Amino acid sequence: MEPIITIKNLSKQYSGKTVLNNINLDVYPGSIIGYIGPNGAGKSTTVKILTGIIADYIGDVTVAGKNLHEDLLEVKKMIGYVPETAELYDLLTPYEYLGFIGKLYHLPDHVIEERSQRMLDSFGLLANQHQRMDSFSKGMRQKVLLTSGLLHNPSIVILDEPLSGLDANAVIMVKELLQVLKQEGKTIFYCSHMMDVVEKVSDRIVLINNGNIIADGTVRELKQQENETLEQIFARLTGNEHIGSKADAFASVFNTNAPTE
Amino acid sequence: MLNKLLLRLVMLFRGIWTGMGADTAQLANILAIKLVMDDRKPMSFGRQRKQKKDIKYATWLSVVFSLLTGFFYLFFLFGIKDPVSSLFMYFTIFLFMLTFTLITDFSNVLFDPKEKYVLLPRPVNDKTIFLARTLHSFIYLFRIVVPMSLPGWVALGIQYGWQSAVLFPFVLVLMVFIALFLVNACYLLLLRFVKPEKFKEALSYFQIVFSILLFAMYYMLPRLMENNMSEQLNISANPLFRLLPSYWLASSWLWILPGAATAFRWYSLAAVLFPVLCLWITVRWLAPTFAARIGAIDASDAVMPVAAKRTQKGKRFYSRVADMVNRNDTVKAGFLMTWLQTSRSRTFKMRIYPAFAYIPIYFIYMFLLNGQSVSAALQHLPEKKNKLFVLLYMSTFVLSQAITYVTISDQYKAAWVYYASPVGKPGNIMIGAFKAIWIKYFLPFYTAIVVFALYFWGIAVIPDLILSLLNVSLFSLLIMRIAYRCFPFSKSEQINNAGGRTMIRVFLTFFTIGLLGAAHYFASTTLPWLLYVFMALSCILLWLVWDSYANTSWADMAVADE
């Protein structure tokens, strides 16, 4: 099978500091990649390069045979992106916003109308579709954001903390949605800090630290012991096994020098 | 209504936009949605949505003031006999105003940070994004320009007949294009040659320097011309003026004026060619990397910051000042927060720094020189006490500018902390903010004025210095108490009607402060004892307003929001 995303020797620097250091990665269609790493490891830089937000990098990124440097617009048409920062034009209503986004992909009006209605309905947001989003809760915005990322039926879906702010029911729904999308042959790039979720949904884990991929494989392959969780794997590989003692140190602040309250 | 009309107008040229490589369907879509958003007022924290009425009201008010400004510009249109020279003056003033508005108020339109996540991941090409921004600002400028140009249009139509009335709108569009593309080209050049990480920094300094420069030129140009100016002035005679865009615009009237100097009419072609050239250069050479560069602007935020070391030991200067002037912790919190935030917020610095330069420039050109040399002017200064008052009361501008912008921030939502923390009286935070502004920005500036005044007028003016200090502080605090009963950095900025609102503020400020200054001048020159009465009165009022502002309760704030 041909990989749908190929990243070759990808490097990126900001003012002399290396953020991505020679990353190589092949992603195959119909799989869910759990892309994890500590804060500042280079995760979101990778995602921003893939989605075309950052354009100056060293190396080659190919999506479905198209080079990102040469066919950026074609690549963007295939990708659906849900950014971590829930930035959307919140002075608009979901109806207006989705209409706007749909037109950027040149979707006909009736298609936008039908898809957005059905998607919002699944999220239980149909009643709010003519309400301005600046009054929305974080979860409601996230639902609109997810809808706007999937509206054009992308073959690659890049999700950055897609569950943030969602209520429990919506979380279950999105997790199931991921499986359905995968069965349809879509590729999902899943970035998150919630290890238990990543462990459950991903076919393959890619762990990045200090701009390098330090682990790549299924959860089973990464385990050293039978009952090790992804959380523990993460702590082991990113060199932070003494977290427990740090938490103690943090809490002990109140015991030593807080006489007043 | 107006927006839709303007959108249609802009999209009439879809052929051109397509030719430039833009996707017109996306372009129209982006523009339409941006215009919708501009008309909506964002909610600030803890406030219910306002009624639509006051937006309409604000729009109308800004239209009225634009009209008034337009009438004011007529003065330039008929001050000189030679029609091209008078038109030249008219368009020069107009172009200055436009460029100035563009640079100070519209950079937010050109560099909207949200776009990075909403537009950049979508299949929209650079040229479309770039044109969308440019045309968006065009529509906004046009909205300001239309009412402002109405008096000129009518007057010119009466003076030179229907041909002139037909010609005017075309020239007007060209004028807006010239201003827009010129500023755009500057910004894009900056974007091209400055590192993305440094861009925001560079941009704000560019804006500060450029607006000060424009301001200085605005007052220097009439003065320059005055030297050889009379009713008989003929601009066309001077080749230097023929290089200016406003001359090109003015010379287009030579096509319709009977018996005009026909050779110069060809300059009007430059007015058409220049914006086209600018646009072509920007779209061709600068726009292709536009989106990539925009994307890179904030990208460096993702890098883990290098742990900064504190270089200084012990308490910092501002911290010591804060301890000195505040006894209450809440006031101190407001003070410190305002002090630090004003030092780092680019938007704030951009608004306040030029004000420091405007006052000396304004003073020198309008009130000091008045057609004489610098040394002569300084020699006669001590005899002219009225100029001291102009200077003293002009210092209000620094304070009022700071007051206006201290409530505004891009991160206005972060103001939730005030609502979540146990703040008993929100007024404490506000008075802390006022103190910080007063000490940080107004006091040093006023001290400089005091030194200047003592040097030229001697110690006899000390009572005047004290009274004006009281009056200016009182006036500013009163403005804050009436119009800005809200937390520092807690409101979002509205670009909509920005031009109009600024004008209203300036007009009102100058009017009121002018009255105060006049009363003070009257007392100082005719009834010196009245000076002390005024002083006492100002003190009492200051104390009252201070008390009322510092004790603003949550309930008062809710009222002020409505």
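**Reading the two chains**

Guide: Chain B has 25 helices and zero strands. Keep in mind that this is a predicted model.

Visitor: How many of the residues of chain B count as buried?
Guide: Of its 562 residues, 53% count as buried. The accessible surface of chain B comes to about 26,300 Å², and carbon and sulfur atoms hold 69% of that area.

Visitor: What share of the contacts in chain B joins residues 24 or more positions apart?
Guide: Among contacts with a separation of 6 or more, such pairs account for 82%.

Visitor: Which residues make the nonpolar surface patch?
Guide: In chain B, Trp255(B), Trp266(B), Leu269(B), Val272(B), Leu273(B) and Val276(B) form a patch of about 610 Å². Trp255(B) sits in the loop between α11 (245-251) and α12 (267-286).

Visitor: Why can Trp255(B) be called partly exposed?
Guide: The term covers values between the buried limit, under 20%, and the exposed limit, over 50%. Trp255(B) is partly exposed because its relative accessible area is 38%.

Visitor: And in chain A, is Gly34(A) buried or exposed?
Guide: Buried means under 20% relative accessible area. Gly34(A) has 0%, so it is buried. This glycine lies in strand β3, residues 32-36 of chain A.

Visitor: Which residues is Gly34(A) in contact with, leaving aside its neighbours within four places in sequence?
Guide: They are Tyr190(A), Val198(A), Ser202(A), Arg204(A), Ile205(A) and Val206(A).

Visitor: How far apart are Gly34(A) and Gly217(A)?
Guide: In sequence they are 183 residues apart, and in space 9.8 Å, C-alpha to C-alpha.

How values were computed. Residues numbered from 1 in each chain as written. Chains lettered and ligands numbered in written order. Predicted model: local features only at pLDDT ≥ 70, side-chain atom pairs only at ≥ 80, totals over all residues. Heavy atoms only, no water. Patch = residues over 30% accessible without salt bridge, like charges linked within 9 Å, V, L, I, M, F, W, Y side chains within 5 Å. Areas by Shrake-Rupley, 256 points an atom, 1.4 Å probe, with all protein chains shown as cover. Salt bridge = Lys/Arg side-chain N within 4 Å of Asp/Glu carboxyl O. Helix = DSSP H or I, 4+ residues; strand = E, 2+ residues; numbered from the N terminus. Buried < 20%, exposed > 50% of the residue type's maximum accessible area, 1.4 Å probe, protein only. Contact = heavy atoms within 4.5 Å.
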